[in-house]
Amino acid sequence: MSKAEIGLIGLGVMGANLALNIAEKGYPVAVYNRTTSRTGTFFENAGELRQNIVPCATLEEFAAQIKPPRPIILMVQAGKAVDEQIEGLRDFLSPGDIIIDAGNANFRDTIRRFDELENSGLTFIGMGVSGGEEGARHGPSIMVGGEKQAYERVESVLKSIAAKFEGEPCCAWLGHGGAGHFVKTIHNGIEYADMQMIAEIYGILRDGFGMAASDIGAIFSEWNKGRLNSYLVEITAAVLETEDPDSGAPIVDRILDRAGQKGTGRWSAIEAQMMGVPATAIESAVAARSLSAERGLRQMAAKAYGGTPAASGTTPDADFIRDLELALFAGKIAAYAQGFAVMDQASEEFQWNLPMPTIARIWRAGCIIRSQFLGTLAKSFEADPDAENLLLIGDFVEMMKEAHPSLRRIVAHAAVNGLPVPALSAALGYFDSFRQARGTANLIQAQRDYFGAHGFERIDQDGEHHGPWGSGL
Ligand code: NAP
């Protein structure tokens, strides 16, 4: 007799923790992993939760152990592995079964998989899961896309394993097709910007002033009590205050300055560009991570140009520290404005009708960008659901008015002192361009007409015009 309510394939970091989370919430779960030994090890280590886990060595056995209609979560490597796994599984499934891809899929792949499974009798859900290992085990933020009826069949399991914010599950159906994976992608894009801007502030204190990691950690720790309260600021403080057990030095000083990336940040930047939505803080963060990987080139350039100027060795005063805090806050507002603007445009293009306040609400707990800020953001979107840009919502106008002068001073300080702040300066550039009622594209229009006869609009006459540029035009 079938025992499991749900199945899960892929017992890597995320899958194993998600399976334990499901079992802990009282849902018997069948598990399968391509490498069978991993299934055995997982089961052996599951302790008391073993009573709710059904380990399976073959896909046939796996399918037979789940009560039909079968909901099956795939938590395997994104890309080709998902297609291979769906293909391998299909022979053992029946009409009505639901395949849930919970990995970090590109939403365009998710849309393709929907199309490929259409008329097969199987249903597909594309589900973004955020929160890393800890979130998967104790409550992630879950962003679901697909047929609403299919979601409703798994809603109770998903809500029970999701993070809770003041009792409210951080799990929601966000729209059809690739909506869930798209929102997860933008979540990660915003996460890149958040992390990069934090790292830039750290760089100003480390390289500009020569401050010790633990002293910088104490500043982040303090900020975590205020408007910047967030998981990323909290872990930044913890990281900076941690010693290397081998040397006793701050561990961060022993870590190579080269960060990897798996694609979601880059996809955010690509999709923003494809839709013509400026997301410069996110793009700069992705680019900064790529440049971090070019360590050899950076070392050559440091030799050629003399590298970052020596630290002043002075201690930043309280006004400067407050400017840093507000600069980070202003940069954060600009990055979130950009991320939500990208989602707004995608919602229109893909007819998802994305619920922005709900997205902000399900990001308040469980996910990597969880913060106090998202609570304010959710309330603001609820009060003004038709707002076209976060920077135009009342509360945010007030917050940005207070914070942008600090962002300006910090970016200027960094520029003068040769300290790189690509994401913070992109955020400032975006803000200044955004609030410029008369921009400089009149000149761009004229240039395009001059060299390409593209025509231009005038402020004082209707229609398309050409300039008196010369005899050839
Ligand atoms: P992981 O620890 O590297 O595990 C990868 C899993 O995929 C393993 O179970 C592996 O099976 C399986 N796999 C790989 N290629 C396969 C194939 N061709 N066919 C079948 N199974 C295959 O990865 P992870 O960190 O758990 O990530 C899983 C998914 O969650 C990814 O899409 C990732 O982007 C996403 N995600 C990760 C995080 C995170 O913080 N780690 C957060 C959110 C989302 P074997 O044991 O046989 O190799």
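Guide: Let us begin with helix axes, which are lines fitted to C-alpha atoms, for helices over the stretch in contact, while angles run from 0 to 180 degrees between N-to-C directions. Helices themselves are DSSP runs (H or I, at least four residues), numbered from the N terminus. This is a predicted model, in which local features need pLDDT of at least 70 and side-chain atom pairs count only at pLDDT 80 or more, whereas totals for chains, interfaces and linings use all residues. Residues are numbered from 1 along each chain as its sequence is written, and side-chain values use heavy atoms, with hydrogens and water left out.

Visitor: Why are α4 and α5 called roughly parallel to each other?

Guide: Helix α4 (residues 80-90) and helix α5 (residues 107-117) pack at an angle of about 20°, with their axes 12 Å apart. Angles under 35 degrees count as roughly parallel, over 145 as roughly antiparallel, 65 to 115 as roughly perpendicular and the rest as oblique, and α4 and α5 are therefore roughly parallel. The crossing of α4 past α5 is right-handed, a word used if the near helix is turned clockwise from the far one by less than a right angle, with left-handed used if anticlockwise.

Visitor: Which residues make the contact of α4 and α5, and what makes five of them charged?

Guide: Val82, Asp83, Ile86 and Arg90 of α4 make the contact with Arg112, Arg113, Glu116 and Leu117 of α5, where contact means heavy atoms within 4.5 Å. Asp, Glu, Lys and Arg count as charged, Ala, Val, Leu, Ile, Met, Phe, Trp, Tyr, Cys and Pro as nonpolar, and the others, Gly among them, as polar, and on that basis the contact of α4 with α5 divides into three nonpolar, no polar and five charged residues.

Visitor: What makes α17 oblique to α18?

Guide: The axes of helix α17 (residues 394-416) and helix α18 (residues 422-434) come within 10 Å and cross at roughly 130°, and that makes α17 oblique to α18. Their crossing is left-handed. Met400, His404, Leu407, Arg408 and Val411 in α17 meet Leu424, Ser425, Ala427, Leu428, Phe431 and Asp432 in α18, a set that divides into seven nonpolar, two polar and two charged.

Visitor: Why are α11 and α12 described as oblique to each other?

Guide: For helix α11 (residues 264-275) and helix α12 (residues 280-293), the axes come within 9 Å and cross at roughly 140°, and α11 and α12 are therefore oblique to each other. This crossing of α11 and α12 is left-handed.

Visitor: How do you know whether Thr185 is buried or exposed?

Guide: Buried means under 20% relative accessible area, exposed over 50%, and partly exposed in between (1.4 Å probe, protein chains only); Thr185, at 2% relative accessibility, counts as buried. Thr185 lies in helix α8 and, leaving aside its neighbours within four places in sequence, is in contact with Ala105, Thr264, Trp267 and Ser268. Ala179, also placed in helix α8 (residues 179-209), counts as buried at 0% relative accessibility.

Visitor: And why is His454 called partly exposed?

Guide: His454 has 39% relative accessibility and therefore counts as partly exposed. His454 is found in the segment after α19 (441-452), and, neighbours within four places in sequence left aside, Arg448, Asp449, Glu464 and His466 are in contact with His454. The C-alpha atoms of His454 and His466, 12 residues apart along the chain, are separated by 7.9 Å.

Technical notes: Helices (H or I, at least four residues) and strands (E, at least two) are DSSP runs, numbered from the N terminus.
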